[in-house]
Amino acid sequence: MVKYDQLIFEISKEGRKGYAFPGCKVDNVNLDEVIPSALRRGTEIVLPEVSEPQLVRHYTQVSMKNFGVDTGFYPLGSCTMKYNPKINEDMASLPKFSALHPHQEERTVQGALELMHNLSGMLSEIGGMDAFSLQPAAGAQGELAGLMIIKAYHEKRGDFKRTKIIVPDSAHGTNPASAHVAGFDVVEIKSTRDGAIDIENLKAALNDEIAGLMLTNPSTLGLFEKNIVEIAKLVHEAGGQLYYDGANLNAIMGQTRPGDMGFDVVHYNLHKTFTTPHGGGGPGSGPVGVKKHLEPFLPKPVVTKVGDIFKLDNDRPDSIGRLKSFNGNFGILVRAYTYILTMGAEGLTRVSEMAVLNANYIQEKLKAHYTLPVDTICKHEFVLAGLKNELSTCSTLDVAKRLLDHGYHPPTIYFPLIVPNAIMIEPTETESLETLDAFIDVMIQISKEADENPELLKNAPTTTVIRRVDEVMAARSPILKWEKQ
Amino acid sequence: MRFPYIPNTKQDEEKMLKVLGLDSVDRLFDDIPESIKLGRRLNLDVPRSESEVSKMVKHLANKNLSTEELVCFRGAGAYDHAIPSVVHHLISRSEFYTAYTPYQPEISQGTLQAIFEYQTMIANITGMNVANASMYDGASATAEAAMLASANQKGDTILISETVNPEIRDVVKTYMRFYNVKVVEVPSKDGLTDMDALRETASADTVGVIIQTPNFFGNIEDCTEAVEIAHENKALFIMNVDPISLGLLKTPGEYGADIAVGEGQVLGNSLNFGGPYLGFMASSTKQMRKLPGRIVGQTVDLDGKRAFTLTLQAREQHIRREKATSNICSNQALNALAATIYMGLLGKEGMAEVAEQSATKAYYAKQELIKTGKFRSVHDAPFFREFVLETDIDIEDLNKQLADKGFLGGYNLGKDYPSDKNRVLFCVTEKRTKDEIDCLVKAMEEITW
């Protein structure tokens, strides 16, 4: 069945229909009379013509060429690919949520606004922040919102000199890109060998042109930034603000909070820590939270409560403005809210404990077979620097591709950039010990295969629906759409 | 305490701790300095069972009145089109929704092929050469198009018509304020962009001209002159279009637009109180390598078999970092899948029919509402699915009375345009039956004016 290899356009046949409309029944309007031909489409719409059962079978077959968390272990570092509880989907599909028009009068959407208000409060408590806007559509937009807030804050104080953001070289690519889009210049600082902030480098970079520092903690190496209190102090003394990228929040819930570490602004990825599905690349949600002094700058609208009534507050003169239409990715908020209600305080604390335990267990078992650059207790993920045998002809990519033959989604590879041949493993708390043990066995077996039979790795995968793809050809002469033959 | 989503048993935990040489899970957090340890229970509720949670969430849901109870005549950026059942069923296949960005093409051909089909459909419906794999929503896609223009064209000013949806203009202004690009609004005349004003405003400093059609008032803009003006000033012409309307109306490709963007919610995505939706972006071949976001291309695997993969990644943030002109990463893949399924199911005839029925019923509703004698037409321009009427009653009051009769009335334009007090923007999609329109008209006759 995985041999199915057709595009929806290729099963099309003239005259087939997949959908019936209600009759129009309006007989006294002639569109030809009211909309002149100069405003009308003159070219054919090239779309498929298929019946409903054909379409259903097509996309079912297509879906089977995919690997998701429900299919198997997905230890994709920095992405927190945990199980997506099914009740979350049911709650988000309730018609009284999914069929709400975003421009409805507030009195008809009090339940939705109450949910948003409650969720903001929960997110504030989890992160030790004072206020949240649920508007950003994804992590990268949350970052952008946070940086705009920092800029607006400085400008409101009449300080226009602060045009630079410090980003460590271990950061995710969206960090420097977001800083650029927010109109900042990026000052990249070199991290220490173990992926931490180099305090001397930080001191050297700090001055009155620095608007802030972007940081993940735990770092992208999965290690807790032990000097965080001093870092926060240094940045604040220099007049800067501290930005927390919540990508790694899954490690610390119930243990410590970005707000208590000294961060002024944070974003979370609800699709990571709070189990909303990754969707094949979204939709996510990237709420942005702040300390009191930054609250006026939050993107609008913000949900507020006046007496017993919930409102969407758009009257926020110092707000950075809107980042998208309407009220955020509400459907995702419903899922995250459902999850937090399910887990409660004890559950979320347990989540981080088990996420960290699982990561350390794999790290301990693999360090004899792969290079572990920093051998210490990690948090929810860890980074290997490729195969232990430096003379191996096999690359990190080969290891990843061989994992496919064994039925695993590979870890994140070649990130963070500061670790050569990086293999970044994040098991999450929703995996069983049996799964971890089986994965460990396969990883060890692959490291042996690399020595004994490297071709097995280099030719991998051989059991998937396609083998390795020609990416050079894809980029050199791009074919980005299907063309009628 | 045990949690259904966490498989480790107490014995598992002990076994793992033993391997690590630790006596307790707490030791795993010894690297966190004492001074910043929480040291208390998170102030959240206790864990709850599925049935308890379901009850709590439904309790909130039941405080809402949705478009299932209120017959919806409101649009203004989000539209109540019919959504075929198969859309929800297919996007609920967990091979799709529990996967992530298709970094490993060998086990992600499902998502990659679906995006390739999506790109084809968006390119074809807009008449553009290429499309990317989706954006957050129509508003931010418009802002991203403005960023693209600013990064690549000479000048420092974006021109945007006053007839563009106010929320889209707000988003463009937010992005441009921080990107240090000026935004100048081009005034409207009789519900359409004032082309003379556009010609006067455009200059060598203009990097992009943004027009929306059908515009916020539902009126169809003739973009012929706007394209000329943009190109004479070496600016990009950015057209924000409604994809449903393109079953009937002249496409960005036919106008010669450089970039087409828009809100894709109408393509099989639920109203969801405003999100998640999807934005789309399509362009001429010339702009292809400047597009933000993911793009999927066709190639072959080692055996020469057709395969799909993420491509042209040299444009993206993970490669370019601070030199990237967009920071967009994951966005709305599952919504794009819904759009693909929707367009695939409706096909070429269905996409034309949904457009024609929406327009026909909108024209009918307008004429019938005017016949009541309580409304006056405001614009004479051809429109698509929405139209503006003026009345003597306060619109909030009108809508309150309509809600009592089971209708979600039109959008109150006075909220955005102070000069448009007592003006209301009605929306009619193909989903509204003639009977429902007649009932709305009848309800208007009963309302106290």
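These legends walk you through several views of a predicted model.

**View 1. Chain B as a whole.** Chain B has 449 residues, and 62% of them count as buried.

**View 2. Where chain A meets chain B.** Here, 171 residues from chain A and 171 residues from chain B take part in the contact. On the chain A side, helix α11 (residues 330-366) of chain A gives the largest share, with 23 residues. Sorted by class, this side of chain A holds 92 nonpolar, 48 polar and 31 charged residues.

**View 3. The two domains of chain B.** Domain 1 of chain B is made of two stretches, 66-82 and 348-446, while domain 2 covers 85-342. Their centres, taken over C-alpha atoms, are 27 Å apart. Where the domains touch, domain 1 of chain B brings 26 residues and domain 2 of chain B brings 22 residues.

**View 4. The domain 1 side of that contact.** Two elements of chain B to find here are α12 (333-371) and β14 (386-390), each supplying at least two residues to the side of domain 1 that touches domain 2. The largest share of this side, seven residues, belongs to α12(B). By class, the domain 1 side in chain B has 15 nonpolar, five polar and six charged residues.

Notes:
Residues are numbered from 1 along each chain as its sequence is written. Chains are lettered from A and ligands numbered from 1 in the order in which they are written. This is a predicted model: local features need pLDDT of at least 70, side-chain atom pairs count only at pLDDT 80 or more; totals for chains, interfaces and linings use all residues. A residue is buried if 20 or more other C-beta atoms lie within 10 Å of its own, exposed if 12 or fewer, and partly exposed in between; C-beta atoms are placed from the backbone. Two residues are in contact if their C-beta atoms, placed from the backbone, lie within 7 Å. Helices (H or I, at least four residues) and strands (E, at least two) are DSSP runs, numbered from the N terminus. Ala, Val, Leu, Ile, Met, Phe, Trp, Tyr, Cys and Pro count as nonpolar, Asp, Glu, Lys and Arg as charged, and the others, Gly among them, as polar. Domain bounds come from an automatic or database domain assignment.
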